Amino acid sequence: MGNPLFAKKPMNMLLAEAQETGEHTLRRALGPVSLTALGIGAIIGAGIFVLSGLGAHYAGPGLMLSFVLSGLGCAFAGLCYAEFAAMIPLAGSAYTYAYATLGELFAWIIGWDLTLEYAMGASTVSSGWSNHFIEFMKIFHIRVPLWLAYDHWTALKVAEKVIARQMARAADPTLVEGTQAFLQKVDGIISANSPALVERAHTLVGAPHLFGMEIGFNLPAFCIALVITAILVIGIKESASFNAGIVILKVSVVLFVIGLGIKYVNASNWGHDWSSFAPNGFSGVGAGAAYIFFAYIGFDAVSTTAQEARNPQRDLPIGIIVSLLICTVFYILVAGVLTGMVPWNAVNIEAPIAQAFLDRGLTNASHVIVLGALAGLTSVMLVMLLGQTRVLYSMANDGLLPKSFFGAIHPKFRTPYKNTMLVGFLAAIVGSLTPIDDIGKMVNIGTLLAFVIVCIAVLVLRRTNPGQPRPFRTPWVPIVPLLGIGFNGYMMYKLGWVNWMRLLIWLIIGLVIYFAYSRHHSRVTGRSTQ
């Protein structure tokens, strides 16, 4: 009988679920183009428009290589995802794959961990969307009060930054905004934390008081999360069409950046030998890769839509691999343009690409880039919330969560509407009340753990079930999965012990729920103990 904690979900049970049809199942409406668009929708977000600046300060013009390195880490994991997605075309992504190979306890851990990636990821992105929306409104001279534009702690930080910039300009008018020297001066003023700075910051925020406490509520983040939730409840086909429209818009913006930026590239900025191309050596390129890796997060969400693909065995591997390839090429080109337009040590950290165009007097181009980042973040949020609701739906189907709520399918829209509304509302609340940085780092470590487990699962299943038909086979096993484990494990290590502790606490909370509820309601162990 074996230990029920490690009960595996039998392959025939998985494949029978994949064949189910009718009004209580998800609608199969997605083809290879929609799936590739969902992949691009999840990958190209603010990462390309924002993180490239910090990456350049680590890697120099070698940022192009950093994107290759990160892309390789994702590609190895992506090839492993593709084998499973074709073999087990069910909605649960890494959760379902772990259930088939490593057993129920591992499946629960990865399902709980994916919540960290998708729901918290959507919260992070809603907060980032809000920042770009506020920038976009400034074009029309509309200013949102700080206490309605950010959570309380971020509003104070932003106010302190504004005041510190004013103080820095007053102290030394020769400093140029956006340069390293200017930012260091601003950081110095903020870290001194003078009473004058704090008082002026509170005045600038101008927050109302509730029960004697200042309040801050990120209204744009809250609203966009609810709008995306409504679109997801209405249906997968409508969601995919909305996503495809946004993907066309943001790919156009990326092509616009590359096409216009090439005219302003000065090849000498790329350096003339290895030491000027990668000023901090290979370790700088590696550090750049670990940082910008987060620009790639999301391609795995394609595999959560397996039960909504018309021909999952053929189309899911196409969607995962083609979207990764397209985005890697775009990223390398954008990195080349950015480090060619601006010497790497003068790249603006906060808004690198928009600032590079502003420095050339191309104001309208920088507005287009802000619009591209807005569109980018909108579709990332859509795909992350979509991924989260499909994982919860799978867990409810297996009895690990209450099926009457998490597995309920709307009779008309054929979407898991109850869990979609709950997840969307929680993402809206978290995104509007908590600082973005902390949630973001938790998302990263959660994602990398999922990648490592999927790579391990491919190795396990090749040994335990070699005869199972595999419409798509990961090439060069065991080399590809081992490289996936190595690359992604290394990036987890680079995230530091604080994030490891957060991950551990999160997993402990999950285990309490598992032993209190899920273990007693599991359909699989119910079968195995009968």
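Buried, in this report, means a relative accessible area under 20%, while exposed means over 50% and partly exposed lies in between, with a 1.4 Å probe and protein chains only.

## Basis of the report

The structure is a predicted model, in which local features need pLDDT of at least 70 and side-chain atom pairs count only at pLDDT 80 or more, whereas totals for chains, interfaces and linings use all residues. Residues are numbered from 1 along each chain as its sequence is written, and side-chain values use heavy atoms, with hydrogens and water left out.

## Cysteines

At 0% relative accessibility, C455 counts as buried, and C74 is likewise buried, with a relative accessible area of 0%. A disulfide is taken to be a pair of cysteine sulfur atoms within 2.5 Å, and by this rule the count comes to zero.

## Nonpolar cores

A nonpolar core is a set of buried Ala, Val, Leu, Ile, Met, Phe, Trp, Tyr and Cys residues joined through side-chain atoms within 4.5 Å. The largest one has 143 residues, and those with the most contacts inside it are Y81, F84, I88, Y95, F299 and F357. Helix α17 gives the most to this core, with 17 residues; helices here are DSSP runs (H or I, at least four residues), numbered from the N terminus. A second, separate core of 10 residues includes L146, Y150, A201 and A207.

Contact means heavy atoms within 4.5 Å. When residues up to four places away in sequence are not counted, F299 touches A42, I43, C74, A77, G78, Y81, I320, L324 and F451.

## A225 in helix α11

A225 has its place in helix α11, which covers residues 219–234, and is buried, with a relative accessible area of 1%. Leaving aside residues up to four places away in sequence, A225 touches M381, L385, G424 and A428. A225 and T378 are 153 residues apart in sequence, yet they are 9.0 Å apart in space, C-alpha to C-alpha.

Methods
Helix = DSSP H or I, 4+ residues; strand = E, 2+ residues; numbered from the N terminus.
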